[in-house]
Amino acid sequence: MMSDALSPTFSLSITPDPEDIDELGHVSNLVYLRWVQDVAKAHSTAVGYDFEAYRAMGAAFVVRRHEIEYLRSALLGDRLVLRTWLASWKGASSVRMTSIVKMVGPSDVPDHEREVELARATTLWALVRFDSGRPLRIPDTLKQAFSRPLAGHSGS
């Protein structure tokens, strides 16, 4: 996690499925994009903001921009970790960072020595009202939910 992060790092372990593999024999770029969204959604749910909580608030986050840098290919059977954290808040927008790493080597070696970064993403999200589609300033209660440590979550 970056030192300027506004939230603890949330991690999700995954293994690519056969349908994630493209004609070139590696995970499709579109799947990386899906994973960026999946880990963001899982992080939000982990801090108490699933879709029902957003519905009760009358607003939800939508993507304004994704930027993904593809560094290496993921293959079928790879052990991957998706990591995400919030880097900034401003008005109705937030910037979320995501790193997708492959775990290599024996499990008795520390994680940071077994990781190979495959991709990194920056996503600009905007909180918008359901009724009007207009931006909504991010409430302090939502910011606080994301800033708290995640119970039972190592963040590795």
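Helices (H or I, at least four residues) and strands (E, at least two) are DSSP runs, numbered from the N terminus. By that numbering, helix 1, helix 2 (51-57), strand 2 and strand 4 each supply at least two residues of the lining of the largest pocket. This is a predicted model, in which local features need pLDDT of at least 70 and side-chain atom pairs count only at pLDDT 80 or more, while totals for chains, interfaces and linings use all residues. Residues are numbered from 1 along each chain as its sequence is written, and side-chain values use heavy atoms, with hydrogens and water left out.

- Five strands form an open sheet in the order 1-3-4-5-2, with antiparallel pairing; two strands pair if DSSP finds at least two bridges between them.
- Strand 1 and strand 2 stand at the edges with a single partner strand each, so one side of each has no neighbour in the sheet.
- From one strand to the next, the twist averages 25°; axes are lines fitted to C-alpha atoms, for helices over the stretch in contact, and angles run from 0 to 180 degrees between N-to-C directions.
- Strand 2 and strand 5 run antiparallel and are joined by eleven bridges.
- A126 in strand 5 is the bridge partner of V62.

**Helices on the sheet**

- Helix 1 packs on the sheet and touches strand 1, strand 2, strand 3, strand 4 and strand 5, where contact means heavy atoms within 4.5 Å.
- The direction of helix 1 makes about 140° with that of strand 2.
- Helix 4 also packs on the sheet, touching strand 2, strand 3, strand 4 and strand 5, and its direction makes about 145° with that of strand 3.

**Nonpolar core**

- A nonpolar core is a set of buried Ala, Val, Leu, Ile, Met, Phe, Trp, Tyr and Cys residues joined through side-chain atoms within 4.5 Å; buried means under 20% relative accessible area, exposed over 50%, and partly exposed in between (1.4 Å probe, protein chains only).
- The largest such core has 30 residues, and those with the most contacts inside it are Y32, W35, Y54, F61, L127, L142 and F146.
- At least two residues of this core come from each of strand 1 (10-14), helix 1 (29-46), strand 2 (59-70), strand 3 (80-90), strand 5 (115-129) and helix 4 (140-147).
- Helix 1 gives the largest share of this core, five residues.

**Largest pocket**

- The largest pocket holds about 340 Å³ of space. On a 1 Å grid over the protein atoms alone, a pocket is an open set of points where a 1.4 Å probe fits, with protein on both sides within 12 Å along at least five of seven lines; lining residues have an atom within 4 Å of a point. Grid points are joined across faces, edges and corners, and a volume is the space filled by probe spheres set on the points.
- The pocket is lined by 16 residues, of which K41, S44, Y54, F61 and W125 are the closest to its centre.
- Helix 1 supplies the largest share of the lining, five residues.

**Individual residues**

- F61 lies in strand 2 and counts as buried at 18% relative accessibility.
- Beyond four places in sequence, F61 touches Y54, W89, S94, W125, A126, L127, I138 and L142.
- H43, in helix 1, is buried with a relative accessible area of 0%.
- S93 belongs to strand 4 (residues 93-103) and counts as buried at 18% relative accessibility.
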